[in-house]
Amino acid sequence: MEFEVRHLRVLCAIADTGSLRRAARLLGVSQPALTTQLQRIERSVGAALFSRERTGCRPTLLGRAVLSRARPLVDGMSTLVEAALAEADAARSGGSRLRIGSTASRVIGGWLRRLRVRLPDADISLRVDVSARELLRTVAAGRLDVAFVHEVEGCPLTVPEGLCQRVLLEREPQFISLSRDHPAAAGPVVDLDDLAGDRWMVDPSVDGEWDGVRRVLGAAGLDPPVLHGDYLTAASLVVLGEAVAPCQPTSGPREDMAIRPLRGDPLAVRLLLVSRPGWDTAAVYEELEAAYREAAQRAAAYHQWLLRHRSPLVAALP
């Protein structure tokens, strides 16, 4: 018997559900038919791929080895079909398609607005993910066309082979958010030593974030208590004076929160636009750059930082 993708789907379904009955329901076939199919596959291999137990089915050692190779093939075929259907839809509608990914950024809204004006006939979709690595993998798999990601300084990203990248900003400083009545908020710049007694809040699901903060704090000889959580929760704790947290310099002004640069800019990221091979990113990059400039202009502290550091962006800012 020659293996086909449908046979691999059977193995993956059994492994994922842990039961022939549940796998049959998932695949829309009868349990006897699925049992027969599995028996034929195992006879072809010459050994059992699953051990049948009273509580269900578990992959054998050989089964795990086969599954480790089967899953990428099944996923790849699903991606191929999805891409083909999307391309066919775009061709029928006479329009184009643009699938964008991004890590969280204040720039996304302006970027999308500009793209919709620049490409009025395009079907533009957006996926936001905390993980830059996951977005890069998705671009490499063909499920996204471009991704705007940040790379934490000292924690380089591995860009999959074949992808193209353009650097939007080589070094974007990360500012600090703190409560309005924090003593360090009285000045225009904050020293790390001024935050030695504070709890820091960091989102460990953001690639490189915790490692970057830990490296900077360690270099400064600081070991403050650290809370792990998402940045929406962090904002509520910062306002109450319960924590301080790194933030993007484009973060907008808030009446209940202070946003300040750190002296010496010890925390920083690199901003990248990554795309599929052969993808023309000229228009996408131009609108991203323009949206970033707009966001930088709205953030007064960051605008001043750019002026002081004579950033290339300053030429486009009034």
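Colleague: Does Val45 count as buried, partly exposed or exposed, and why?

Modeller: Please bear in mind that this is a predicted model. Buried means under 20% relative accessible area and exposed means over 50%, with partly exposed in between. Val45 has 32% relative accessibility, so Val45 counts as partly exposed. This residue belongs to helix H3, residues 31-45. Together with Phe3 and Leu62, Val45 makes a nonpolar surface patch of about 230 Å².

Colleague: Which residues of helix H10 are buried?

Modeller: In H10, which covers residues 300-308, the buried residues are Tyr302, His303, Trp305 and Leu306. Viewed down the axis of H10, these buried residues fall within an arc of 160 degrees, and therefore they line one face of the helix. Ala300 and Arg308, on the other side of H10, are exposed.

Colleague: What covers the buried residues of H10?

Modeller: The cover includes strand S6 (164-173), strand S7 (175-179) and helix H9 (282-298). Just after H10, Arg310 takes a positive phi of about 50 degrees.

Colleague: How should I read a salt bridge, and which side chain does Arg114 meet in one?

Modeller: Side chains of opposite charge can pair when their charged atoms come close. Here the side chain of Arg114 meets that of Glu294, at 2.9 Å from N to O. The pair links distant parts of the chain, with Arg114 in helix H5 and Glu294 in helix H9, 180 residues apart.

Colleague: Which residue forms a salt bridge with Glu287?

Modeller: Arg118 does, the closest N and O atoms being 2.6 Å apart. Because Glu287 lies in helix H9 and Arg118 in helix H5, the pair ties together parts that are 169 residues apart in sequence. Glu287 is buried, with a relative accessible area of 9%, whereas Arg118 is partly exposed at 36%. A network of salt bridges links Arg113, Arg114, Arg118, Glu286, Glu287 and Glu294.

Colleague: How many salt bridges does a search of the whole structure find?

Modeller: The search finds 22 salt bridges. One of them joins Arg276 and Asp145, whose closest N and O atoms are 2.9 Å apart. Asp145 is buried, with a relative accessible area of 0%, while Arg276 is partly exposed at 22%.

Colleague: Finally, where does Thr103 lie?

Modeller: Thr103 lies in the loop between strand S3 (96-102) and helix H5 (108-118). With 3% relative accessibility, Thr103 counts as buried. The side chain of Thr103 makes a polar contact with the side chain of His150, at 3.2 Å.

Key: Residues numbered from 1 in each chain as written. Predicted model: local features only at pLDDT ≥ 70, side-chain atom pairs only at ≥ 80, totals over all residues. Heavy atoms only, no water. Patch = residues over 30% accessible without salt bridge, like charges linked within 9 Å, V, L, I, M, F, W, Y side chains within 5 Å. Areas by Shrake-Rupley, 256 points an atom, 1.4 Å probe, with all protein chains shown as cover. Salt bridge = Lys/Arg side-chain N within 4 Å of Asp/Glu carboxyl O. Helix = DSSP H or I, 4+ residues; strand = E, 2+ residues; numbered from the N terminus. Buried < 20%, exposed > 50% of the residue type's maximum accessible area, 1.4 Å probe, protein only. Arc of directions from axis to C-beta. Contact = heavy atoms within 4.5 Å. Polar contact = N/O pair within 3.5 Å; in protein donor to acceptor, adjacent residues only side chain to side chain.
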